[in-house]
Every structure is written in C-alpha cells, then in structure tokens.
Amino acid sequence: MTISGKARLAGVLGWPVGHSKSPLLHNFWFERHGLDGVYVPLPVAPEDLAPVMRALPRMGFLGCNVTLPHKAAMLDLVDAVDPLAAAIGAVNTVLVGDAGSLTGYNTDGLGFLAHLDGCAPDWRAATRRVVLLGAGGAARALAFTFLAAGIHELALVNRTPERAAALVARLGDQNDAAVLALPWAERHRALEGADLLVNTTSLGMVGQPALDLDLAALPATAIVADIVYTPLSTPLLSEARRRGHRTVDGLGMLLHQAVPGFTHWGGTRPVVDEATRRLMLAPPVAEPKAG
Ligand code: ATR
C-alpha cells in the first residue's frame, strides 16, 4: 500500500481502541479500490475528545468512526446530528463537510438492515412483528431503525425490566407501531407470531453463556438474527437453522455499518462480499515476542 502526501485520512476514535477491526476493514477497502488513503486507530481519552474533534477537520481528516465510550458524548461535539442518531442517542460515524463542519450519524441499525436485505430480500413485506432481545446500545439502534423502516409491532425483552421500559419510553409514540416491553421470563412465549427475532444481548458470545431460549413458539417462517459474530454461528443460530428457520449472522452488521463512512472518505461505495467477510474472520496477527 502506498500512502502519499495527498492521502485521504480517516480513523476510529475510541478509548481503548486497540481491539477495533475498523482499521483492518477500511484499509482493505482503500487498497482494493486502488485509493490513496489511510485509516488509523485514534486512541483518545474522554477528556481529550472535544479538542480532538475540533482539530480533526483542521488536520485534513475526512471523517471518523466512533466507538466506546464516545458514542453518546459525540452528540454534543458535532455541528449537526442526523435525526436517527439523535433519536438513538449515539453517533458512530462523523463526516467532515466541505467547510470543515462535522455531522454525526448512527449507521448501526442501517447496517443491520442492509445485511438483512441481502440475506432475506422479502423481509420488509413479510415482517409485522419483531422481537428484540436486549435493551443496550445495539437494541436501541435497531429499535429506532426498525420503527423508521415501518414495522407494525416491536416487543422488547430484557433481563433488567427497567432498561426495556426506558427504551420503550424513549421510542415514544412518534409512530403507529405498537411497542411493548416484556419480562425476561416471558421470552419463550414472546416468540408467538413473531416474523423476526433478533438477539442483541451478549449471550452466545465466546466466553458468555448460551442464550437459553425455546424456539417452539416461533412461527416456521420467522427469520432469526444474532448480532453476536464470535462465533459466527451462535448456539441460537445453529438451533434456528436446525429447525428450518432462515438465519442472519452478526458479521454483516459490522461490515455494512462501515459502508456510509467509507463511501464518504473513500469517495466510492465499497462492496461487502465474501472476501471482506473472510478478512474480518481471520485471527489477529500474533504480536512478536519481546527479546
Ligand atoms: P450493547 O451496547 O452492545 O447492546 P450492553 O449495553 O452491555 O451492550 O447490553 C447488553 C445486553 O445484553 C443487555 O440487554 C443485557 O441485559 P441487562 O440490561 O439486563 O443487563 C443483556 N445481557 C447480558 N448478559 C445477560 C444475561 N446473562 N442474561 C440476560 N441478558 C443479558
């Protein structure tokens, strides 16, 4: 890869940021598209976030992605916030405009829908009732995005009922959809009549217990999705597949949420394909031992 003095600049802001796979992905796309550009990790402590954001356009950056713990704080540090990001209460992508202005977006939910569109192109017409497990940041992004996409009913099931109730309150009555919070103990029964089930909890992730969920009540036509992607085939997805459900893995959301940012700083829309998926699944390169 050649990086000239005119290279397009972008990066990911986080604290810590060492675990981020975004540099791997965006630099793969820069190289694949033959672009003179570079995407760097930007480890920035919370107390330094405001001056860093003011400096970013002045240093020639075209934008950045934002990861933990900065997603909420970024709302107050950009010049304009896209309405969906404002509703979700978190920014994961900042684009620098021509005059150096900063606009914040949240592309997590749209990334999930883009992947869903690819895996199950008919889902929009076929989905009335969505069951979301979890009420954290990912659930918030998906809930707002699903409602914006026009689903009719959204059931939120979370272990801590207060968090699900808070999300329902946040979702408000700004749309015609029925939105309800259900207790965690009701999760098996909540699947009745669902067209789409999405796990946004960390259950099923490497090192975490599997999600204890009986799929018996889930209609045979329902699609089952997980946002966990380590492992790619979670116990939930394996069981759903065994029962004949169409399944959607979590890797697609990770890849597709990056598309709007790269389209801006790369100047071309990147393709999410099998090679991109393989890249993200490859084990990290081992650090050389000292001495
Ligand atoms: P993210 O921002 O990635 O969504 P998060 O805010 O930590 O992450 O949310 C994690 C979700 O997984 C939460 O809904 C959490 O439930 P609580 O709100 O009750 O904490 C859920 N979760 C994590 N471990 C769980 C477990 N053992 N059983 C049930 N839900 C669990």
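Visitor: Which residue forms a salt bridge with Arg32, and how far apart are the closest N and O atoms?

Guide: The general idea comes first. Side chains of opposite charge can pair when their charged atoms come close. In this predicted model, Arg32 pairs with Asp273, and the closest N and O atoms are 2.8 Å apart. Arg32 lies in helix H1, while Asp273 sits in the loop between helix H10 (259-266) and helix H11 (274-281), so the bridge ties together parts 241 residues apart in sequence.

Visitor: How many salt bridges does a search of the whole structure find?

Guide: The search finds 11. One of them joins Lys71 and Asp108, with 3.2 Å between the closest N and O atoms. Lys71 lies in the loop between strand E3 (61-66) and strand E4 (80-81), and Asp108 lies in helix H4, so parts 37 residues apart in sequence are tied together. Lys71 is partly exposed, with a relative accessible area of 22%. Asp108 is buried, at 13%; the cut-off for buried is under 20%.

Visitor: Which residues meet in the contact of H4 with H6?

Guide: From H4, take Asp108, Gly109, Leu110, Phe112, Leu113 and Leu116. From H6, take Ala141, Leu142, Thr145 and Phe146. The residues of this contact divide into seven nonpolar, two polar and one charged. Asp108, the salt-bridge partner of Lys71, is among the H4 residues here.

Visitor: Now the rings. How many aromatic pairs does the search find?

Guide: A pair of aromatic rings is described by the distance of the centres and the angle of the planes. The whole structure holds five aromatic pairs. Phe112 and Phe146 form one that is edge-to-face, 6.0 Å centre to centre with 75 degrees between the planes. This pair links distant parts of the chain: Phe112 in helix H4 and Phe146 in helix H6, 34 residues apart. Phe112 is buried at 1% relative accessibility. Phe146 is buried at 0%.

Visitor: What are the values for the pair of Trp123 and Phe146?

Guide: Trp123 and Phe146 are edge-to-face, 5.9 Å centre to centre and 85 degrees between the planes. Trp123 lies in helix H5 (residues 123-126) and Phe146 in helix H6, 23 residues apart. Trp123 is buried, with a relative accessible area of 2%. Elsewhere, ring pairs link Trp29, Phe30 and Phe262 into a cluster.

Visitor: One backbone check. Which residues does a cis peptide bond join?

Guide: Read omega. A cis peptide bond joins Trp15 and Pro16, with omega about 5 degrees. Pro16 lies in the loop between strand E1 (8-14) and helix H1 (22-32). Another cis peptide bond joins Thr230 and Pro231, where omega is about 5 degrees. Pro231 is in the loop between strand E11 (223-226) and helix H8 (235-242).

Notes. Residues are numbered from 1 along each chain as its sequence is written. This is a predicted model: local features need pLDDT of at least 70, side-chain atom pairs count only at pLDDT 80 or more; totals for chains, interfaces and linings use all residues. Side-chain values use heavy atoms; hydrogens and water are left out. Helices (H or I, at least four residues) and strands (E, at least two) are DSSP runs, numbered from the N terminus. Contact means heavy atoms within 4.5 Å. Ala, Val, Leu, Ile, Met, Phe, Trp, Tyr, Cys and Pro count as nonpolar, Asp, Glu, Lys and Arg as charged, and the others, Gly among them, as polar. A salt bridge is a side-chain nitrogen of Lys or Arg within 4 Å of a carboxyl oxygen of Asp or Glu. Buried means under 20% relative accessible area, exposed over 50%, partly exposed in between (1.4 Å probe, protein chains only). Rings of Phe, Tyr and Trp (its six-membered ring) pair if their centres lie within 6.5 Å; planes under 30 degrees apart count as stacked, over 60 as edge-to-face and the rest as tilted.
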